[in-house]
Amino acid sequence: MKKLLLISLIMVFSTTAFGNIDNGQLFDDKCAPEDRLKTITLNYVNFNNEDSIGNIKVLDTLVPYITNVFDELYQARFPIYSMNAGLVKPQKSGLATSFISYYKAEDVDNTAAYACRPITAGSIPSIHAYGAAIDLNPRENPYIGFNDADQYGNRTVKEIIPVDGWNYITRSKYREGKPIHKGINNTLTDIFKKNGILRWGGDWNYPIDYMHFEVYRDVDILLLTMSSEEASEYFESYVDFYSVCKSKYPVEYSQRNFNDLSKAIAIIKKLSPIDIYLNSGFRNLMASAQDALATPDKDICLSKALRNKAYITIDVTRNISL
C-alpha cells in the first residue's frame with residue numbers, strides 16, 4: 001500500500017527524534033565534499049571479453065569495499081560496457097535534473113558512482129551525491145518509472161532510462177533464439193552486500209532501478225558526519241556485522257531478510273547511531289557496535305519491520321511504497 005509520508009531530514013527510531021544535539025554537526029549538504037571523494041582505478045572485462053582499465057569516483061570510506069566488488073567482478077569475467085568517471089559531466093550549478101543530463105547520448109552506458117544530482121524523478125540528493133551508490137551497466141540494467149496507480153491500484157510504465165533499456169526488461173541472460181544479454185546484474189547482489197552495499201534498486205516495487213546499488217542513506221549521512229578515520233572504523237564493523245549475521249542465518253539472508261548494523265544498534269540502544277555519535281561520541285557508538293556484534297540473535301540480525309518505518313526519514317514529502 002502506498003502512503004503519503006511527510007518526512008524531515010532527521011533520523012528517528014520509532015517516534016523518537018534525535019533529541020538535543022550537543023556535540024558535532026549533522027552532515028546536511030547536497031553532495032559529499034571533494035576532500036571525502038576518491039577516484040580509484042580498477043580492472044574490468046569489457047563487452048568484447050577484453051581486459052580493460054577504468055575508474056570510478058566514490059566516498060573515501062568505501063574505497064576498499066568497492067575495490068573488492070570490482071575485483072570479484074573482474075575475476076568472474078563479468079562484462080562491463082564502460083567505466084570512466086570522466087564521462088560524468090560536471091554541472092554548472094546545483095543539482096542536475098536527471099541521470100541522463102550527466103551524459104552524452106553515446107556515453108550513457110557507463111558504470112559510475114559519484115554524481116552531484118537528485119534522485120531520479122525527485123528532489124532530494126541521490127545517494128550518488130554522497131559517492132555511495134553505483135550504477136552498473138545502465139543500458140543492460142535500466143531504470144523503470146511508473147505512473148501513479150489508478151483506482152484499482154494498477155500502474156503503467158511511465159519511462160525507461162536509458163530509453164534503449166527497453167531491450168533489457170526481460171532479465172534472462174539466455175533466451176531462445178535471441179542474442180545473449182551481456183552485463184545483466186541480477187546475480188550480483190551478494191557481492192555488493194558482503195561489502196556493505198546492501199540496497200539494490202532491482203528489489204524495489206516502484207520505481208525499479210536495476211542498475212543501482214547503494215549504501216543506506218542514514219549510514220551515508222553518518223559516515224559523512226564523522227571524520228574519515230572514524231567512518232572507516234565504523235564501516236569495517238558495519239561490514240563485519242552483515243558477515244556475522246549471514247553466517248548464522250544463511251537461509252534468511254538469501255531471502256533478503258536482514259538488518260544492518262545501524263538498525264541493530266538502534267534496536268539495542270533505542271537511539272539512532274547518529275544520535276549516539278553526536279551526543280555521546282564516537283567511542284560510545286563503537287561500543288554499541290560491539291554490543292550488536294556480540295549478540296547476533298534473530299531479533300538483531302533479522303528484519304521485522306520496513307526500514308523507513310523503523311527509524312529513518314528523508315527530507316521531502318513524497319509517495320513511498322510501504
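## Close-up views of the predicted model

Figure 1. Asn43 belongs to strand β2, which spans residues 37–45. The coordinates shown here and in the following views are those of a predicted model. With a relative accessibility of 37%, Asn43 is classed as partly exposed, because this value falls between the 20% limit for buried residues and the 50% limit for exposed ones. Leaving aside residues up to four places away in sequence, Asn43 is in contact with Ser52, Ile53, Phe70 and Tyr74. Gln75 is 32 residues from Asn43 along the chain, and the C-alpha atoms of the two residues are 9.5 Å apart.

Figure 2. Asp135 is part of strand β4, formed by residues 133–135. The relative accessible area of Asp135 is 4%, and this residue is therefore buried, the limit being under 20%. A polar contact of 3.3 Å links the side chain of Asp135 to the side chain of His212. Strand β9, to which β4 is paired, covers residues 212–214.

**Figure 3. The open sheet β4-β9-β7.** Three strands make up this open sheet, arranged in the order β4-β9-β7 with antiparallel pairing. The edge positions are taken by β4 and β7 (199–200); each has a single partner strand, so one side of each lacks a neighbour in the sheet. Between β4 and β9 the antiparallel pairing extends over 3 bridges. One of the residues involved is Ala133, whose bridge partner in β9 is Glu214.

**Figure 4. The open sheet β6-β5-β8.** This open sheet also has 3 strands, in the order β6-β5-β8, and its pairing is antiparallel. Here β6 and β8 (208–209) stand at the edges, and because each has a single partner strand, one side of each is without a neighbour in the sheet. Strand β5 (residues 143–146) runs antiparallel to β6 and is joined to it by 4 bridges. Gly145 has Glu159 of β6 as its bridge partner.

**Figure 5. Packing of helix α7.** Helix α7 consists of residues 273–280 and is mostly covered, with 6 of its 8 residues buried. The buried residues are Pro273, Ile274, Asp275, Ile276, Tyr277 and Leu278. They pack against four helices, namely α3 (217–225), α4 (228–248), α6 (261–269) and α8 (282–294). Gly281 follows α7 and has a positive phi, near 100°.

**Figure 6. The protein chain as context for the close-up views.** The secondary structure of the chain comprises 10 helices and 10 strands. Of the 322 residues in the chain, 51% are buried. Among contacts with a separation of 6 or more, 65% are between residues 24 or more positions apart.

Terms used. Residues are numbered from 1 along each chain as its sequence is written. This is a predicted model: local features need pLDDT of at least 70, side-chain atom pairs count only at pLDDT 80 or more; totals for chains, interfaces and linings use all residues. Side-chain values use heavy atoms; hydrogens and water are left out. Helices (H or I, at least four residues) and strands (E, at least two) are DSSP runs, numbered from the N terminus. Buried means under 20% relative accessible area, exposed over 50%, partly exposed in between (1.4 Å probe, protein chains only). Contact means heavy atoms within 4.5 Å. A polar contact is a pair of N or O atoms within 3.5 Å; within protein, one must be able to donate a hydrogen and the other to accept it, and residues adjacent in sequence count only if both atoms are side-chain atoms. Two strands pair if DSSP finds at least two bridges between them.
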